[in-house]
Amino acid sequence: MTYKAWTEGGNLQSVRHDYVDGLNGAVSVPAKVSGATWRTQEDGGHTPRLKVVPTGGGVAHCLLMEGKDRVLDQKKGAAGRPVTCSAQR
């Protein structure tokens with residue numbers, strides 16, 4: 001599963017994503033972010049989730065995608081506000 005976060009008019013302040021970490025099971029981890037885009041590929045398990053917080057008045061976007069073309073959730077937040085993508089599989 002691909003987790004993707006980006007902003008318009010600002011940078012990423014923080015990104016947190018939920019995924020399955022082998023024997024540890026489901027975990028929620030803050031990502032190391034810098035700039036306006038971030039992405040990773042992880043096993044999303046049954047309930048993948050991605051929370052994106054922009055800097056200042058930036059507009060945050062999030063995307064959860066399975067395979068190359070199956071969008072599970074995609075959202076655009078309001079200026080300066082966090083946005084969360086999630087899915088049930």
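Biologist: Which residue lies over the face of Trp6?

Modeller: This is a predicted model: local features need pLDDT of at least 70, side-chain atom pairs count only at pLDDT 80 or more, and totals for chains, interfaces and linings use all residues. Residues are numbered from 1 along each chain as its sequence is written, and side-chain values use heavy atoms, leaving out hydrogens and water. A charge sits over a ring if NZ of Lys or CZ of Arg is within 6 Å of the ring centre and within 35 degrees of the ring normal. At 5.3 Å from the ring centre of Trp6, the residue is Lys4.

Biologist: Over how many bridges do S2 and S5 pair?

Modeller: Strands are DSSP runs of E, at least two residues, numbered from the N terminus. They pair if DSSP finds at least two bridges between them. Asp18 is bridged to Arg49 in S5. S2 (residues 12-20) and S5 (residues 49-54) run antiparallel, and their bridges number 6.

Biologist: Which residue takes a positive phi in the hairpin of S2 and S3?

Modeller: S2 also pairs with S3 (residues 26-30), antiparallel over 5 bridges. Val20 has Ala26 as its bridge partner in S3. The hairpin has 5 residues between the strands, and the one with phi near 50° is Gly22.

Biologist: How many residues are in the largest nonpolar core?

Modeller: Such a core joins buried (under 20% relative accessible area, 1.4 Å probe, protein chains only) Ala, Val, Leu, Ile, Met, Phe, Trp, Tyr and Cys through side-chain atoms within 4.5 Å. Tyr3, Val15, Trp38, Leu50, Val52 and Leu64 touch the most other members. Elements giving two or more residues are S1 (2-8), S2, S5, S6 (59-66) and S8 (83-86). The core's residue count is 16.

Technical notes:
Helix = DSSP H or I, 4+ residues; strand = E, 2+ residues; numbered from the N terminus. Buried < 20%, exposed > 50% of the residue type's maximum accessible area, 1.4 Å probe, protein only.
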